[in-house]
Amino acid sequence: NVYRAKTKEVSYFDVNTHRGINWYKYNFPSKLEKFFKKNRMITGEATPFYLIHPHVPARIAKTIPNVKIILILRNPIDRAYSHYSSAVKNNNENLTFEESLQNENSRIANEKEKLLADPNHNSANYYKWSYFEQGIYYNFIIEWMKYFPKENFYITSYEEFFKNPKENFNDLFNFLGISNFNFE
């Protein structure tokens, strides 16, 4: 009953809004595809940077006001190191992990201000180098809750979610309003 977008990270509400809503809709199953499915079909996408982009909550609230938001948050230290490792692997980082954390504020300060000031600004450097800041989830979630009620959120930690996946997936399915799935 769950169908994902055609691409993993659509990034419509952060960097692709200029493409228009029809471009966004194209990334999901069509009405015809939905018609041929016998069961209720829901769909969604996973774009991690939506959480931290200051203009995304308002954009989503305007476009999909009843959206269900799933946040599976990693331990902030593990998240930061994973983010850093990915940056190194992709040749986007030449500092050590410690150096990158020490220099983070100076590297992203102007970028963060530009993002806040200009809704159309796309800051690759803010996404690339905000290793520590992205793990301060409270600062971002509190902004999202200005636009959506708590009932629209499913928030859990990555570590807790996968300790008991069967129970937690069924909790998630209940949150989404779809049938539980019996799996081993």
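Helices (H or I, at least four residues) and strands (E, at least two) are DSSP runs, numbered from the N terminus. The model is predicted, so local features need pLDDT of at least 70 and side-chain atom pairs count only at pLDDT 80 or more, whereas totals for chains, interfaces and linings use all residues. Residues are numbered from 1 along each chain as its sequence is written, and side-chain values use heavy atoms, with hydrogens and water left out.

**View 1. The second largest pocket and its lining.** A pocket is an open set of points on a 1 Å grid over the protein atoms alone, where a 1.4 Å probe fits, with protein on both sides within 12 Å along at least five of seven lines, and lining residues have an atom within 4 Å of a point. The second largest pocket holds about 230 Å³ of space, and of its 14 lining residues the closest to its centre are Ile52, Pro54, Lys112, Leu116 and Phe140. Helices α5 (97–117) and α7 (137–144) each supply at least two lining residues, and α7 gives the most, with four.

**View 2. The two sides of helix α4.** Helix α4 (residues 76–89) has 14 residues and reaches 20 Å from its first C-alpha to its last, close to the 20 Å expected at 1.5 Å a residue. Its buried residues (under 20% relative accessible area, 1.4 Å probe, protein chains only) are Arg79, Ala80, His83, Tyr84 and Ala87. Seen down the axis of α4, these buried residues fall within an arc of 130°, so they line one face of the helix. On the other side, Ile77 and Lys89 are exposed (over 50%).

**View 3. Packing of α4.** The buried residues of α4 pack against α5, α6 (124–129) and α7, where contact means heavy atoms within 4.5 Å.

Terms used: Grid points are joined across faces, edges and corners, and a volume is the space filled by probe spheres set on the points. The expected span of a helix is 1.5 Å times one less than its number of residues. The arc is that of the directions from the helix axis to the C-beta atoms.
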